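Good morning, and thank you for coming. Please look at the sequence and the structure on the screen while I speak.

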Amino acid sequence: MQSIQQRCEEKLARLSGSQQSVETLGLWFLHHAGDAEQCVEAWTHAVNQGFATVLTAPVSIEEETAPGKRLPLFFLANHIFHLGKHKGGSYMENLGSACIKAAKLVISNGSPSEIKGLLRMVGIWRERTIFDQGYLDTFESILSE
């Protein structure tokens, strides 16, 4: 039988940028909130894999578009935060700190469209008070470097 982390990694590998894909996987993650730490590890691994592709492979147009999966991973985190805020926040702290670390990777190796997407997401978090001011200020300062 597979571990929850392996199941998360398989599901994350199939994640697309569609709203349905993000919402479906977000609900699956919340259903497995008791295993939030392992799910966050799988999310972090998926984000890091996207950057490993960029950092280790010769750059071509096809390979530049392959990491287009990173932003949907942040959309998934966003969806989990929105739902998790109302359904008990087992993901808020762990996934929140994982997002900060992943944002540092976006700044050093991400595309301008990824940075723009993340800044937009932080703006939404600020409007909807998903996180406290300190977290949002930290996130924005990383993206503004």
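Helix 7 passes helix 8 in a left-handed crossing, a term that applies if the near helix is turned anticlockwise from the far one by less than a right angle, right-handed being the term if clockwise. Helices here (H or I, at least four residues) and strands (E, at least two) are DSSP runs, numbered from the N terminus. The model is predicted: local features need pLDDT of at least 70 and side-chain atom pairs count only at pLDDT 80 or more, while totals for chains, interfaces and linings use all residues. Residues are numbered from 1 along each chain as its sequence is written, and side-chain values use heavy atoms, with hydrogens and water left out.

How do the two axes cross? Helix 7 covers residues 112-127 and helix 8 covers residues 133-143; their axes come within 10 Å and cross at roughly 165 degrees. Helix 7 is therefore roughly antiparallel to helix 8. Axes are lines fitted to C-alpha atoms, for helices over the stretch in contact, and angles run from 0 to 180 degrees between N-to-C directions; under 35 degrees counts as roughly parallel, over 145 as roughly antiparallel, 65 to 115 as roughly perpendicular and the rest as oblique.

Contact means heavy atoms within 4.5 Å. Among the residues that meet are Leu 118, Val 122 and Trp 125 in helix 7, and Tyr 135, Leu 136 and Phe 139 in helix 8. By class, this contact has 9 nonpolar, 1 polar and 3 charged residues. Ala, Val, Leu, Ile, Met, Phe, Trp, Tyr, Cys and Pro count as nonpolar, Asp, Glu, Lys and Arg as charged, and the others, Gly among them, as polar.

Next, His 82, which lies in helix 5 (residues 70-86). Leaving aside residues up to four places away in sequence, His 82 touches Ile 124, Trp 125, Arg 128 and Ile 130. Is His 82 buried or exposed? His 82 counts as buried because its relative accessibility is 16%; buried means under 20% relative accessible area, exposed over 50%, partly exposed in between (1.4 Å probe, protein chains only).

Ala 42, found in helix 3 (residues 36-56), is buried, with a relative accessible area of 0%. Ala 42 and Arg 7 are 35 residues apart in sequence, yet 8.8 Å apart in space, C-alpha to C-alpha.

Finally, the whole chain: there are 8 helices and 0 strands, and 41% of the 145 residues count as buried.
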